[in-house]
Amino acid sequence: MLLHSRQPLTTDPAATFDPARWETVVLTDADGGADAVMREDAPGGAPAVHRAPRDTWAAEIRRLAGGRAVQIVTNDEYCLIGCAELRAEFGLPVRHPARPAHYIDKVLMKERLAAAGVRVPRFLALTEGVPEPGAGLALVTGTIGLPAVVKPRREANSRGVAILRTEPELRDWLTGHRGEQDWQVEEFLDGTFHHVNSLVRDGVPTPVQTGTYLGPLLDLPDGRRLGGWTVPYDSELSCRAHELNRAVVAALGAEGAFVVHTEFAVNGDGELVVVEVAGRAPGALVSELAGLHAGLNLEEANLALQADLPVPEPQPTGVQAAWVWIPVMPGERYRHTPETTSKHLVHIRRAAQRTHTGASGALGVSVLLWHTDPDVLAADVRTAATAAWCGA
């Protein structure tokens, strides 16, 4: 039983659960059926999808299983706690972090990391709710300063995140959210942005890959292109990043068997500052990068770890990989794919082949690139990130 709510699958479940041995059913509380469950470019066919309210999932699992042995797994941030509870209810071994909230609640996360000596952004938990604008303005500017980043305590995929650069922007945000619970404010970080991924088994993190982002994963409606590339395994940044991930896992909890994805900034002083941590495989095309760079797809590995299936040891393949996502803005449509030296796989969303008439750049073209020469890959990333893919 594969649980889903808001984060689509990026891989075919049959790649993890052999159809000859497993009957895979996706249990979701989302509208939209298979279109909501699977990322549009995910390989393979759509799995069987069963929709039911969250509070009926235990009964639905029993009904659908029909007395047969069952595994309960997820890679959805919004199902991690529920999956851990259902696994306990069905007598399945602990696979998710023993305290999933340490990896989900951004305030608990930063409190534990800071207590363990891991550098995190300065932050302010609005524990009494968002204050009225006058008091809130003084509180935020006096403790965090501007620009500041506001985030919900429990969300993923940058949902609800906003950068407030001026006092009028901060005042407007405070007015619009006055009295709301479960918000926090943190400092805006300059520098370069990266991620590091590990497998965690029996309390021991095993390095998989380190990557660098084109930029912060924010400001998407402005049409900025997103993407990133892998960093050579033996580089100084990769070594430092994996040491950081070991400290992160030790602080947040290493029980269970899962993938950990840590996003961090390198500031002007060369410090590694943890921005986000997830006890699951990453989104975008980062899991696919690991398949090319280290020989295992991170989402497939995370699902297999939960089901106690074999997971290969990550091994550097000598391949460097990258992804770029090109938004199609209003009035535009996909026109052509620029030439690259690297091998590449391009996915053009069906809607991107028509002129985009919406209000934001929610449509897009994604490209996965790979090559054994990091310099060649870097040149192709620059091409993909700057070329004119779309037009009127």
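**Buried polar residues, ring contacts and nonpolar cores**

Leaving aside neighbours within four places in sequence, Thr28 is in contact with His4, Ser5, Val37, Val49, His50, Arg51, Ala52 and Trp57. In this predicted model, Thr28 is found in strand S2 and is buried, with a relative accessible area of 2%. Its side chain reaches the backbone nitrogen of Ala30 at 2.9 Å.

The side chain of Thr10 is joined to that of Glu299 by a polar contact of 2.9 Å. When neighbours within four places in sequence are left aside, the residues in contact with Thr10 are Arg39, Ala42, Pro43, Ala284, Glu288 and Glu299.

Asp76 belongs to the loop between strand S4 (73-74) and helix H3 (80-89) and is buried, with a relative accessible area of 1%. The side chain of Asp76 takes part in polar contacts with the backbone, reaching the nitrogen of Gln7 at 3.0 Å, while the backbone nitrogen of Tyr78 lies 2.8 Å from a polar atom of the Asp76 side chain. Not counting residues up to four places away in sequence, Asp76 touches Leu3, His4, Ser5, Arg6 and Gln7. The C-alpha atom of Asp76 is separated by 8.9 Å from that of Ala281, a residue 205 residues apart from Asp76 along the chain.

Among pairs of rings, the count comes to three aromatic pairs. One of these is formed by Trp173 and Trp183, which are arranged edge-to-face with 5.0 Å from centre to centre and 85° between the planes. Because Trp173 lies in helix H7 (residues 167-177) and Trp183 in strand S8 (residues 183-187), the pair ties together parts that are ten residues apart in sequence. Both tryptophans, Trp173 and Trp183, are buried.

At the level of the whole protein chain, the assignment gives domain 1 (2-92), domain 2 (122-187), domain 3 (192-315) and domain 4 (319-391). The centres of domain 2 and domain 4, taken over C-alpha atoms, are separated by 34 Å.

The largest nonpolar core has 24 residues, and those with the most contacts inside it are Leu199, Val208, Leu296, Leu298 and Val311. Strand S12 (257-266), helix H9 (286-294) and helix H10 (298-306) are the elements that give two or more residues to this core, with H10 giving the most, namely five residues. At least three residues of this core are drawn from each of domain 1 (2-92) and domain 3 (192-315). The surroundings of Val208 comprise Asn197, Ser198, Leu199, His242, Ala290, His293, Ala294, Leu296, Leu298 and Pro314, all of which Val208 touches when residues up to four places away in sequence are not counted. A second, separate core has 21 residues, including Val118, Val200, Leu252 and Leu272.

Technical notes. Residues are numbered from 1 along each chain as its sequence is written. This is a predicted model: local features need pLDDT of at least 70, side-chain atom pairs count only at pLDDT 80 or more; totals for chains, interfaces and linings use all residues. Side-chain values use heavy atoms; hydrogens and water are left out. A polar contact is a pair of N or O atoms within 3.5 Å; within protein, one must be able to donate a hydrogen and the other to accept it, and residues adjacent in sequence count only if both atoms are side-chain atoms. Contact means heavy atoms within 4.5 Å. Helices (H or I, at least four residues) and strands (E, at least two) are DSSP runs, numbered from the N terminus. Buried means under 20% relative accessible area, exposed over 50%, partly exposed in between (1.4 Å probe, protein chains only). Domain bounds come from an automatic or database domain assignment. Rings of Phe, Tyr and Trp (its six-membered ring) pair if their centres lie within 6.5 Å; planes under 30 degrees apart count as stacked, over 60 as edge-to-face and the rest as tilted. A nonpolar core is a set of buried Ala, Val, Leu, Ile, Met, Phe, Trp, Tyr and Cys residues joined through side-chain atoms within 4.5 Å.
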